[in-house]
Amino acid sequence: MSSPVWHPFTQHALTTEFPLVSRGEGVWLETDKGRLLDAISSWWVITHGHRHPKIVAAIKAQADQLDQAIFANLTHQPAEDVARGLIEIAPRGLAHVFYSDSGSTAVEVALKMALGFWKNTESKRGGKPRTKIIALEHAYHGDTVGTMSPGARGVFTAAYAPFLFDVVRLPFPAAGREQETLDQLKVAAKEAAALIVEPLILGSGGMLMYPPEVLRAMAIICRRNGALFIADEVMTGFGRTGTLFACNQAGVSPDIMCLSKGLTGGSLPLAVTLCTREIFDAHYSEDRSRTFFHSSSFTANPIACATARANLEIWRTEPVLERIAALGAMQEERLARFRGDPRFANVRRLGTIAALDLKVADPGYLSGIGLRLMEFFMERGVLLRPLGNTIYVMPPYGITAAELDLVYDAIAAAAAKFV
Ligand SMILES: *Cc1c(COP(=O)(O)O)cnc(C)c1O
């Protein structure tokens, strides 16, 4: 009997085999078709490996205490602790923490905070609120209608195009073209409510990287021209780019910052949107029309928050940044063999993330090679999910050298087979 499950981002006419996962441990997933090395951290969420003992213990302990509680009017210790913990480690100036449950909702909240800020401050001054959002070419900020709007438009969004709001689109700051991006931002930021960016690396857009100086320049232009600066660190947060947050490398303090994937170490869904005092204060009033009108049923679920608290504790007590540096170095060593290889282009790395493009006749996300590559890797016991012809390796931080070799041997074998 065929399964009633409809899988995400899956064309069921082309993908018919779904290995049944029953167990995770470190970088490994056990399935009924054999072991899989999780080289993409289960869609970029798992940071310390599957089932880190402190994460598992936190889930069990919290499940024994409090499962769920409405978060309006009530609060609870795990949420209070995580909020304080995050403010301690976040870029300076971020002072408030709003909970939600996925990267997309964290971004929705960020956009609503920015628009609410302008509505509330301008109505006080009697002016017209800024409403435009600026975003980058190739951006990805989520799959809800609100977050698809600043995201890149294409085959993914075509059916919903009439419902997406217009944004000011900046060219991606590719090497040699950074000034073009900054010049266009200078014009747009004078009237825009906010710029939203994925700092240093555009994930779903194809692991496209740009340098910290450009991120810093963008933040400065926003500040000078009054536009809010939103850092979508949903993927980059919690160490992926080599530092705790990507913004750290640029010395940038965003007005709003979104976190989700690595927040619980990847075990449970949870997200936060951090903002400055100014943005909170713009909503602070005895006038109830200025309330921040957003919630979801499971906002700040206690078990998810306790898991995030355990993650923060792991960051405080274990040498996570050292592991990240070691992984970065291991990735770099293994990329070396592909750098001069004519079958590959754009061999690149940022922190723990390595990416390279297989040269094919039809590059891009829908490149026929993507699915064939994924199936090839799965057959070899390696979970990689290329973005079209872009192969990227984003494993949990504890991966060993020998395990990483399995991944790169699979990539070499794929090149031998397909190019
Ligand atoms: C994954 C991602 C999102 C969306 O997060 P979900 O939890 O999948 O909704 C948003 N922004 C960025 C940069 C992401 O990588």
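Two strands pair if DSSP finds at least two bridges between them. With that in hand, here are some close-up views of this predicted model.

**View 1. Strands β11 and β12 lie side by side as an antiparallel pair.** Strand β11 covers residues 256–259 and strand β12 covers residues 271–276. Four bridges join these two strands. To find your place in the pair, look for Cys258, which faces Thr273 of β12. Strands of a sheet pair through backbone hydrogen bonds, either parallel or antiparallel.

**View 2. Stepping back, β11 and β12 belong to an open sheet of seven strands.** Reading across the sheet, the order is β4-β12-β11-β10-β7-β5-β6, and the pairing is mixed. At the edges are β4 (94–100) and β6 (168–170), each of which pairs on one side only. From one strand to the next, the twist averages 20°.

**View 3. Helices α12 and α13 meet in a right-handed crossing.** The axes of α12 (residues 369–379) and α13 (residues 401–418) come within 10 Å and cross at roughly 130°, so the two helices are oblique to each other. On the α12 side, the contact is made by Ile369, Arg372, Leu373, Phe376 and Phe377. On the α13 side, Ala410, Ile411, Ala413, Ala414, Lys417 and Phe418 take part. Sorted by class, this contact has nine nonpolar residues, two charged residues and no polar ones.

**View 4. His138 has a positive phi although it is not a glycine.** The phi of His138 is about 70°. Its relative accessible area is 32%, so His138 counts as partly exposed.

**View 5. Met207 also has a positive phi without being a glycine.** Here the phi is about 55°. Met207 is found in the loop between β8 (201–202) and β9 (208–209). Is Met207 buried or exposed? Buried means under 20% relative accessible area, and Met207 has a value of 0%, so this residue is buried.

Definitions and conventions. Residues are numbered from 1 along each chain as its sequence is written. This is a predicted model: local features need pLDDT of at least 70, side-chain atom pairs count only at pLDDT 80 or more; totals for chains, interfaces and linings use all residues. Side-chain values use heavy atoms; hydrogens and water are left out. Axes are lines fitted to C-alpha atoms, for helices over the stretch in contact, and angles run from 0 to 180 degrees between N-to-C directions. Angles under 35 degrees count as roughly parallel, over 145 as roughly antiparallel, 65 to 115 as roughly perpendicular and the rest as oblique. A crossing is left-handed if the near helix is turned anticlockwise from the far one by less than a right angle, and right-handed if clockwise. Contact means heavy atoms within 4.5 Å. Ala, Val, Leu, Ile, Met, Phe, Trp, Tyr, Cys and Pro count as nonpolar, Asp, Glu, Lys and Arg as charged, and the others, Gly among them, as polar. Buried means under 20% relative accessible area, exposed over 50%, partly exposed in between (1.4 Å probe, protein chains only).
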